[in-house]
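My notes below follow the order in which I looked things up.

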Amino acid sequence: MATTTIELNGIITWAKLFEGNRDMGDYDKETNGACSVDLIMDEDNFKIMKDAGVRKQGKPDPEGRGTVVKFKRPFEDKFGRDWAGGVPEVFRPDGSAWNLDMDGLIGNGSIGVVFLDVYDTKMGKGCRLSGVQVIDHVLFEGSGGGGTPSRPQPKDYTSGVTQSAKQEVGEVPF
């Protein structure tokens, strides 16, 4: 099986590239989820993908920025092949490894490179997400759509309240 790696440049959206934020959608029964990323590519990068034999179809980006293609990698390969599953490699702009604790999750609109392994199968070319390099990082900020759950940030609702009102806060009126 001849495998080549291609690099595609574009705008990263819906990056679920780490164990804690992997996509558990339709994949959970067979593969325990999948790491995935949507890449918005210009015509040149989409052509590189197609010329490599990748059979994936794209759809127009609603904002007119190019063609959107979803790339994924199963978290656990359903056939038990180590090389096919797991998290892809994620890199900083300088090529060093991404540190989730220091760098955070990758937000929509980040600019980067998606590395795809393209290989032969009985049905034609197959592809597997092998890595992502973030060139211009937009930090993911939010609490929806998966990801590492944010910790609650309690506020002091008693400031400026009299002592008698503070005592009433804990009482249930019924």
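The entries below go from the whole chain to single residues.

**Ground rules**

I am working with a predicted model, where local features need pLDDT of at least 70, side-chain atom pairs count only at pLDDT 80 or more, and totals for chains, interfaces and linings use all residues. Residues are numbered from 1 along each chain as its sequence is written, and side-chain values use heavy atoms, with hydrogens and water left out.

**Overall make-up**

I began with secondary structure. The protein has 4 helices and 7 strands. I take these as DSSP runs numbered from the N terminus (helices are H or I, at least four residues; strands are E, at least two). Read from the N terminus, the order is β-α-β-α-β-β-β-α-β-β-α.

Next I looked up burial. Of the 174 residues, 37% are buried. The cut-offs are under 20% relative accessible area for buried, over 50% for exposed, and partly exposed in between (1.4 Å probe, protein chains only). The protein exposes about 11000 Å², and carbon and sulfur atoms supply 51% of that area. Areas come from the Shrake-Rupley method with a 1.4 Å probe; for residues, only the protein chains shown count as cover.

Then I checked contacts, meaning heavy atoms within 4.5 Å. Among contacts with a separation of 6 or more, 67% join residues 24 or more positions apart.

**The sheet**

In what order do the 7 strands lie in the sheet? I read 3-4-2-1-6-7-5, in an open sheet with mixed pairing. Two strands pair if DSSP finds at least two bridges between them. Strand 3 and strand 5 are at the edges with a single partner strand each, so one side of each has no neighbour in the sheet.

Strand 3 pairs with strand 4 in the antiparallel sense, over 2 bridges. Lys59 is opposite Val68 of strand 4.

I then moved to the loop between strand 3 (59-60) and strand 4, where Asp61 sits. Is Asp61 buried or exposed? Asp61 is buried, at 8% relative accessible area. Its side chain makes a polar contact of 2.8 Å with the side chain of Arg65. For a polar contact I need a pair of N or O atoms within 3.5 Å; within protein, one must be able to donate a hydrogen and the other to accept it, and residues adjacent in sequence count only if both atoms are side-chain atoms. Setting aside residues up to four places away in sequence, Asp61 touches Ile40, Gly66 and Val68.

**The core**

The largest nonpolar core holds 24 residues. Such a core is a set of buried Ala, Val, Leu, Ile, Met, Phe, Trp, Tyr and Cys residues joined through side-chain atoms within 4.5 Å. Leu17, Val37, Phe71 and Ile106 have the most contacts inside this core. Two or more residues each come from strand 1 (3-16), strand 2 (34-41), helix 2 (43-51), strand 4 (67-74), strand 6 and strand 7 (124-136). Strand 1 gives the most, with 4 residues.

I listed the partners of Phe71, leaving out neighbours within four places in sequence. They include Leu8, Val37, Met49, Val114 and Leu129.

**Aromatic pair**

I found 1 aromatic pair in the structure. Phe91 and Phe115 are edge-to-face, 6.4 Å centre to centre with 80 degrees between the planes. The rule: rings of Phe, Tyr and Trp (its six-membered ring) pair if their centres lie within 6.5 Å; planes under 30 degrees apart are stacked, over 60 edge-to-face, the rest tilted. The pair links distant parts of the chain, with Phe91 in strand 5 (residues 89-91) and Phe115 in strand 6 (residues 110-121), 24 residues apart. Phe115 counts as buried, at 16% relative accessibility.

Thr4 lies in strand 1 and is partly exposed at 46%. Its C-alpha atom is 5.7 Å from that of Asp117, 113 residues apart along the chain.

Trp14 is also placed in strand 1. Its phi is near 50 degrees, a positive value in a residue other than glycine. Most residues other than glycine have a negative phi. Trp14 is partly exposed, at 49% relative accessibility.

Last, I looked at Leu100 in helix 3 (residues 100-103). Leu100 is partly exposed, at 31%. Beyond four places in sequence, Leu100 contacts Phe18 and Leu105.
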